[in-house]
Amino acid sequence: MRKWIVCTIVCTAVLAGCGIGGSKTSTEQIDPPKEVTYKDQEGASTKTEPTAKQGEKKQAVNRELYLVDKNGYVVPQTLAIPTPQDNAVIKQALQYLVKEGPVTGMLPNGFKAVLPADTEINGVDVKDGVAIADFSEEFKNYKKDEERRIVEAVTWTLTQFKEVKQVKFRINGKDLTAMPVNKTPIGNGVSREDGINFDDEQVADVTNTKPVTLYFLAQTNKQTYYYVPVTRRIANSEKNELTAVVKELVKGPSPESMLSSDLNPDVKLLGEPKYEGGKVTLNFNENIYGSPDKNIISTYVLNALVLSLTEQKGIDSVSIEVNGKSDIANEQGQKLTKPVTRPQNVNTGSF
């Protein structure tokens, strides 16, 4: 049986530019970092943060680092890390994935880094949407069961940067077509479309299915939750992928997953999702409400829907209706009169 969570405490809502995840009682918001543009050696424009001037305190910026939680899931955690003086922000993100590296004193409870200790990042070249990450020989020093997590953590950490759509791996300048220990094929590169934290449910016919990424909840203590991306395969025969995503969210995580959902199992769409200009509109029955006597939607339900649906190509925001009406409020009592966009950062709480 799935464990259903009933949200009765106010928590941070998903709004454009805000982070989500953390304690149910937290309302703290972290401002997104300011960006400037510089030219790399290839002449391509790249976004980064300004470095501190001489004598000034070095500025910290928020980065999503994909770390491993106590259940073995690869999970985004937003941490404030110092701005590198050489503007090598993408390379720095990988340095903060190394065990016993600079991230050590910042790790949330129950989380660990993924790259083998003493791994050096020789460099990260970005061109035409592809980031080529070059690692030192120590990159090979991991166990077989860690291999997939390493691929996912590196790929999803680097693709948080808008200029990176795909990731290739190298060791000391030599391209890898398969990972060095368990020989996981990585071909000409890996992207978010290749998935993360694959669902344990067995799929008999992989060729007639396609992946979708869903967001479920994991728990560190009685009041602290965070969002875990899980890739599940759905049948190619599904006519509307957005409808399929909602159905899979309502279905919830697999019983063995140690994950949970706040969605009522009786939630249903009353029609096909409407798509226009990057916005998807969903019309639910009244079971979408967190409370039967109030037109309030749970923060965790709202976040799960927005995070999962914006993983789909072309979806930038989500608008929710109930019985064709938009008279809905979040747990803070704010009317959801505007579409909700994906947050700047995910899982911003201090655990």
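The following chat walks through some features of a predicted model.

Colleague: What should I know about the model before I look at it?
Modeller: This is a predicted model, in which local features need pLDDT of at least 70 and side-chain atom pairs count only at pLDDT 80 or more, while totals for chains, interfaces and linings use all residues. Residues are numbered from 1 along each chain as its sequence is written, and side-chain values use heavy atoms, with hydrogens and water left out.

Colleague: How many helices and strands are there in the chain?
Modeller: The chain has four helices and 17 strands, where helices (H or I, at least four residues) and strands (E, at least two) are DSSP runs, numbered from the N terminus.

Colleague: And how much of the chain counts as buried?
Modeller: Of its 351 residues, 49% count as buried; buried means under 20% relative accessible area, exposed means over 50%, and partly exposed is in between, with a 1.4 Å probe and protein chains only. Among contacts (heavy atoms within 4.5 Å) between residues at least 6 apart in sequence, 62% join residues at least 24 apart.

Colleague: Let's turn to helices H3 and H4. At what angle do their axes cross?
Modeller: The axes of H3 (residues 241–251) and H4 (residues 299–309) come within 10 Å and cross at roughly 140°. Axes here are lines fitted to C-alpha atoms, for helices over the stretch in contact, and angles run from 0 to 180 degrees between N-to-C directions. H3 and H4 are therefore oblique to each other, since angles under 35 degrees count as roughly parallel, over 145 as roughly antiparallel, 65 to 115 as roughly perpendicular and the rest as oblique.

Colleague: Which residues make that contact?
Modeller: On H3 they are Leu-242, Val-245, Val-246 and Leu-249, and on H4 they are Ala-304, Leu-305, Ser-308 and Leu-309. By class, the contact has seven nonpolar residues, one polar residue and no charged ones, where Ala, Val, Leu, Ile, Met, Phe, Trp, Tyr, Cys and Pro count as nonpolar, Asp, Glu, Lys and Arg as charged, and the others, Gly among them, as polar.

Colleague: Why is H4 described as largely enclosed by the rest of the structure?
Modeller: H4 is described that way because 11 of its 11 residues are buried, and the buried residues include Thr-299, Tyr-300 and Asn-303.

Colleague: How many residues of H3 are buried?
Modeller: Eight of the 11 residues of H3 are buried, so H3 is also largely enclosed by the rest of the structure. Glu-248 is among those buried residues, which pack against strand S11 (209–221), strand S12 (224–235), S14 and H4.

Colleague: Which residues have a positive phi although they are not glycines?
Modeller: Glu-100 has a positive phi of about 60°, and Met-258 has one of about 70°. Glu-100 is found in the loop between helix H1 (89–95) and strand S7 (121–127), and it counts as exposed because its relative accessibility is 70%. Met-258 is in the loop between H3 and strand S13 (274–276), and at 61% relative accessibility it counts as exposed.

Colleague: New topic, then: is Ile-288 buried or exposed?
Modeller: Ile-288, in the loop between strand S14 (279–284) and H4, counts as buried at 3% relative accessibility. Leaving aside neighbours within four places in sequence, Ile-288 is in contact with Leu-263, Val-267, Ile-297, Val-301, Leu-305 and Val-322.

Colleague: Where is Lys-140, and what does its side chain reach?
Modeller: Lys-140 is in the loop between strand S8 (130–135) and helix H2 (147–158), and with a relative accessible area of 36% it is partly exposed. A polar contact of 2.8 Å joins the side chains of Lys-140 and Glu-137; such a contact is a pair of N or O atoms within 3.5 Å, and within protein one must be able to donate a hydrogen and the other to accept it, with residues adjacent in sequence counting only if both atoms are side-chain atoms.
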